[in-house]
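Let's take a walk through a protein together. Keep the picture at hand as you read.

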Amino acid sequence: MVIEIKNPDNGSLLKKDELMEFYHNHSNLYDLLFKPFFQPRQKKAIGYHDFMPGERILDVGVGTGLSLDLYPSFCEVIGIDLSKSMLRLAERKVEKLGLTNVTLYEMDACNLKFDENSFDYVVATHIVNVVHEPARVIDEMRRVAKPSGSLVIVNHFVSSNPIMAKVENLLEPVFQKVGWRVNHTYEDFIHLTNLSVMHIDKLNKIDLWKIIHASNNKGHC
Ligand SMILES: C[S@@+](CC[C@H](N)C(=O)[O-])C[C@H]1O[C@@H](n2cnc3c(N)ncnc32)[C@H](O)[C@@H]1O
């Protein structure tokens, strides 16, 4: 499955380097614009889990690191992102907050440079909508998660509620400006990715993003 991201200006594909240029140009504004909307959702998604000391967590598309201090300090946290500029801001947070349990790498979510079965949790918040190959990212997340591991995905799907779908339609030009593609219903996405969903949540009733908690169940699907 390849989900294409349209260029807002000319309708052609927004290429990976264009997407990275967008994040490069806007990284300094990211926390100002998105932290109030994104971090509460991350808090709810991450707060759902009872992490154990020594567990390893991978945060895919960590961005400016809004999630990093939400993980317990007794876990080893690795954050990856393709954008140097976003990572630089994440690095600053790590230093400022003294997060000695966190390591950051520049890496493509479609091609994770980790061995299989490496992580207890693999988390992806607000990234699946922006990558060109969402199914590949999910495959990679499953590959590097332990067979008993968990996947946590925060993503925006086409709403099945007709009123919300209209709101989404109105917001579509805004979403495209930030490289978002919302073209799958939740049901289609689960069918295509074959995720074993354990729990599904939302920040609140009208939130456009869903929080998916899935078990890796490797070898069972
Ligand atoms: C909307 S931001 C989300 C950042 C963070 N997870 C959050 O919730 O605040 C999307 C992030 O995905 C990163 N990204 C986009 N494509 C990527 C890819 N192929 N591999 C790794 N990161 C990618 C961008 O650089 C950006 O930092």
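Which helix gives the most to the shell around the ligand? That's helix α1 (residues 16–47), with four residues in the shell. A quick word on what you're looking at: this is a predicted model, where local features need pLDDT of at least 70, side-chain atom pairs count only at pLDDT 80 or more, and totals for chains, interfaces and linings use all residues. Residues are numbered from 1 along each chain as its sequence is written.

**The overall build**

The protein has five helices and seven strands; here helices (H or I, at least four residues) and strands (E, at least two) are DSSP runs, numbered from the N terminus. Starting at the N terminus, the order of elements is α-β-β-α-β-β-α-β-α-α-β-β. The radius of gyration of the protein is 16 Å, close to the 17 Å from the globule rule for 221 residues, so the protein is as compact as a globular protein of that length. That radius is taken over C-alpha atoms, and the rule is 2.2 Å times the number of residues to the power 0.38. Along the principal axes, the C-alpha atoms fill a box of roughly 45 × 40 × 30 Å.

How much of the protein is buried? Of the 221 residues, 35% count as buried. A residue is buried if 20 or more other C-beta atoms lie within 10 Å of its own, exposed if 12 or fewer, and partly exposed in between, with C-beta atoms placed from the backbone.

**Strands side by side**

Now for the strands, which pair if DSSP finds at least two bridges between them.

| Strand pair | Sense | Bridges |
|---|---|---|
| β1 (residues 56–60) and β2 (residues 76–81) | parallel | five |
| β1 and β4 (residues 119–125) | parallel | three |
| β2 and β3 (residues 102–106) | parallel | five |

Strand β1 is mostly covered, with four of its five residues buried. On the β4 side, D59 has V123 as its bridge partner. Strand β2 is mostly covered too, since five of its six residues are buried. Its V77 also has a bridge partner in β3, namely V102.

The largest nonpolar core has 42 residues, and V60, V122, V123 and M141 touch the most other members. Such a core is a set of buried Ala, Val, Leu, Ile, Met, Phe, Trp, Tyr and Cys residues joined through C-beta atoms within 7 Å. Leaving aside neighbours within four places in sequence, V60 has contacts that include I80, A109, V122 and M141; a contact means C-beta atoms, placed from the backbone, within 7 Å.

**Around the ligand**

Of the 20 residues around the ligand, G61, G63, L82, S83 and A109 come nearest. A residue is near if its C-beta atom, placed from the backbone, lies within 6 Å. The shell divides into twelve nonpolar, six polar and two charged residues. Ala, Val, Leu, Ile, Met, Phe, Trp, Tyr, Cys and Pro count as nonpolar, Asp, Glu, Lys and Arg as charged, and the others, Gly among them, as polar.

Terms used
Contact = placed C-beta atoms within 7 Å.
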